[in-house]
Amino acid sequence: DLSPSRRPSLSPLADKKVKMSQPEKSAKSGSQKVRLYTKGVVLGYKRGLRNQHENTSLVRIQGVGARSDTGFYLGKRVAFVYRAHTKKPAVLKRQRSPNKVRVVWGKVVRSHGNNGVVRVQFRKNLPGQAIGAAVRVMLYPSRV
């Protein structure tokens, strides 16, 4: 009998409680830092029994457990941030010097299944090393 307490976890975000923290105060100014993204995990590629389609990745978003909850995230931007071996011009404006950080951008296109997984199409297909890695699901563009 595999009850929910004995069942092995299939994703790093499963069975974790989402803890909301207070916004941090910035040291330089009195303004508060606001995180503009939600964490997610790449589960793999869209696939059938024999074929996989690398142009669409499956992502589990933290705190989303049902298909009805995915509607808010449709159209949102997704960023896969990784470190490369060679330095290139910076992608973040606050870091002007060349660094090893790279970003692959994508967009949530639709839901997948009934458990809150979404399909994301990236501008360049994600590499196989991205499976199981963290992504940032940005809270923009807003449709509200």
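A word on what you have open. This is a predicted model, where local features need pLDDT of at least 70 and side-chain atom pairs count only at pLDDT 80 or more, while totals for chains, interfaces and linings use all residues. Residues are numbered from 1 along each chain as its sequence is written, and side-chain values use heavy atoms, with hydrogens and water left out.

**Stop 1: the whole chain**

Show the cartoon. You'll find six strands and zero helices (both are DSSP runs numbered from the N terminus, helices being H or I with at least four residues and strands E with at least two). From the N terminus on, the order reads β-β-β-β-β-β. Of the 144 residues in the protein chain, 27% are buried.

The protein chain exposes about 10,700 Å², and carbon and sulfur atoms supply 51% of that (areas come from the Shrake-Rupley method with a 1.4 Å probe; for residues, only the protein chains shown count as cover).

**Stop 2: the barrel**

Colour the strands one by one and follow them around: β1-β2-β5-β4-β3-β6, closing into a barrel with antiparallel pairing. Neighbouring strands of this sheet are turned by 45° against each other on average, direction ignored (axes are lines fitted to C-alpha atoms, for helices over the stretch in contact, and angles run from 0 to 180 degrees between N-to-C directions). Pairing here takes at least two bridges found by DSSP between two strands.

**Stop 3: strand β5**

Select residues 117-122, which are β5. Is this strand enclosed or open? Five of its six residues are buried, so β5 is largely enclosed by the rest of the structure.

Strand β4 (residues 99-112) pairs with β5 in the antiparallel sense over six bridges. Pick out Ser111, which stands opposite Val118, and His112, whose bridge partner in β5 is Val117. Strand β2 (residues 52-61) also runs antiparallel to β5, joined by four bridges; there, Leu58 has Arg119 as its bridge partner.

Zoom in on the hairpin of β4 and β5. Four residues sit between the strands, and Gly113 takes a positive phi near 80°.

**Stop 4: Thr70**

Select Thr70, in the loop between β2 and β3 (77-88). With a relative accessible area of 2%, Thr70 is buried. Leaving aside residues up to four places away in sequence, Thr70 touches Val64, Ser111, Gly116, Val117 and Val118 (contact means heavy atoms within 4.5 Å).

**Stop 5: Lys107**

As promised, back to Lys107, in strand β4. Which residues does Lys107 touch, not counting those up to four places away in sequence? Gly75, Lys76, Arg77, Arg119, Val120 and Gln121.

**Stop 6: a surface patch**

Finish with Val34, Leu36 and Tyr140, a nonpolar patch on the surface with about 300 Å² of accessible area together. Val34 is in the segment before β1 (37-47) and is exposed, at a relative accessible area of 63%.

Note on methods. Buried < 20%, exposed > 50% of the residue type's maximum accessible area, 1.4 Å probe, protein only. Patch = residues over 30% accessible without salt bridge, like charges linked within 9 Å, V, L, I, M, F, W, Y side chains within 5 Å. Salt bridge = Lys/Arg side-chain N within 4 Å of Asp/Glu carboxyl O.
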